[in-house]
Amino acid sequence: MIRKGMVIPLLLLSFVRLNAQERNVESLSNTVLLTLTGGYSFGYQALLSEHSSLRWDVNLSYSSDARDRDENASSYSYSYQNPLNLTASTGESKGESYSISFSPGYFLNSPASKIVTGYLGAGPVVGYSGSWSRYAYSDSPRDTIQQHSHSSNHQHDFSAGLQLTAGLRCMVSSSFSFFAEVQARCTYNWAVISNASSTTNFFTTGGLPRLQSESRSERTETGWDVGLGGVRLGVAFSF
């Protein structure tokens, strides 16, 4: 038999337990998403209701390339001054590319079961990407002239448009899940491209180097771009 003096403490305990459960449900309404394939991506999702949410994504990518080339190329030609010419060629190329984009979006969630949830989202996207490459080539023949060639390329690309996202999310526990999604973009791009090249002759028998040729150019390209990305896989943590 419960005494009258214990009624109030039991009611308070029940209220505390119920309030703790409500806070636990609310605490799982925010999610951090990390993409494991297709570049580096960080996302934050705030649940508005069981079927809608807001999400902010930041996408990063970076790649670099450096190669050396060493070739022995034999070429035979006859002339009065140079009856036989044997050349050796060496080359070096370097380059980098990088990009960053930001895309907030509104998402509709459709739970298929307690484990799997499908979602579809749309929102604006803005981005920047850049790349550069350099190439150096040296030709060392057995005559009085050695030729060096250099070329470089730089590109800066700005974009803005609309992004669509569709995916599936599989719950492993109440706070951890996997997801797979694809994204489609329609953006307007503005690119600035610059190129430079030069060729210099060095006299192996002495004398000052002589610049053979040099060129520089810069152009601007604009236009619309529509593309569908590959499948992105990642993990999500709810808190």
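Modeller: Let us begin with burial: a residue is called buried under 20% relative accessible area, exposed over 50%, and partly exposed in between, using a 1.4 Å probe and protein chains only. What we have here is a predicted model, in which local features need pLDDT of at least 70 and side-chain atom pairs count only at pLDDT 80 or more, while totals for chains, interfaces and linings use all residues. Residues are numbered from 1 along each chain as its sequence is written, and side-chain values use heavy atoms, with hydrogens and water left out.

Biologist: Is Q45 buried or exposed, and in which strand is Q45 found?

Modeller: Q45 is buried, because its relative accessible area is 9%. Q45 belongs to strand β2, residues 40-49, where helices (H or I, at least four residues) and strands (E, at least two) are DSSP runs numbered from the N terminus. Over the 239 residues of the chain, 26% count as buried.

Biologist: With which residues is Q45 in contact, leaving aside its neighbours within four places in sequence?

Modeller: Contact means heavy atoms within 4.5 Å. By that rule, Q45 is in contact with S29, N30, T31, L33, S53, L54, R55, N109 and R169. With one of these, S53, the side chain of Q45 makes a polar contact, side chain to side chain, at 2.7 Å. A polar contact is a pair of N or O atoms within 3.5 Å; within protein, one must be able to donate a hydrogen and the other to accept it, and residues adjacent in sequence count only if both atoms are side-chain atoms.

Biologist: How many helices and strands are there in the chain, and which strands pair with β1?

Modeller: The chain has 1 helix and 9 strands, in the order α-β-β-β-β-β-β-β-β-β along the sequence. Two strands pair if DSSP finds at least two bridges between them. Strand β1 (residues 30-35) pairs with β2 in the antiparallel sense over 6 bridges, and L33 has G43 in β2 as its bridge partner. These two strands form a hairpin with 4 residues between them, and G38 in the turn has a positive phi of about 75°. Strand β1 also pairs with β9 in the antiparallel sense, over 5 bridges, with T35 standing opposite G234. Strand β9 (residues 232-238) is mostly covered, since 5 of its 7 residues are buried.

Biologist: Why does F107 count as buried, and which residues does F107 touch?

Modeller: F107, in strand β4, counts as buried because its relative accessibility is 4%. Among the residues that F107 touches, not counting those up to four places away in sequence, are R55, G121 and T165. By contrast, L164 in strand β6 is partly exposed, with a relative accessible area of 42%.
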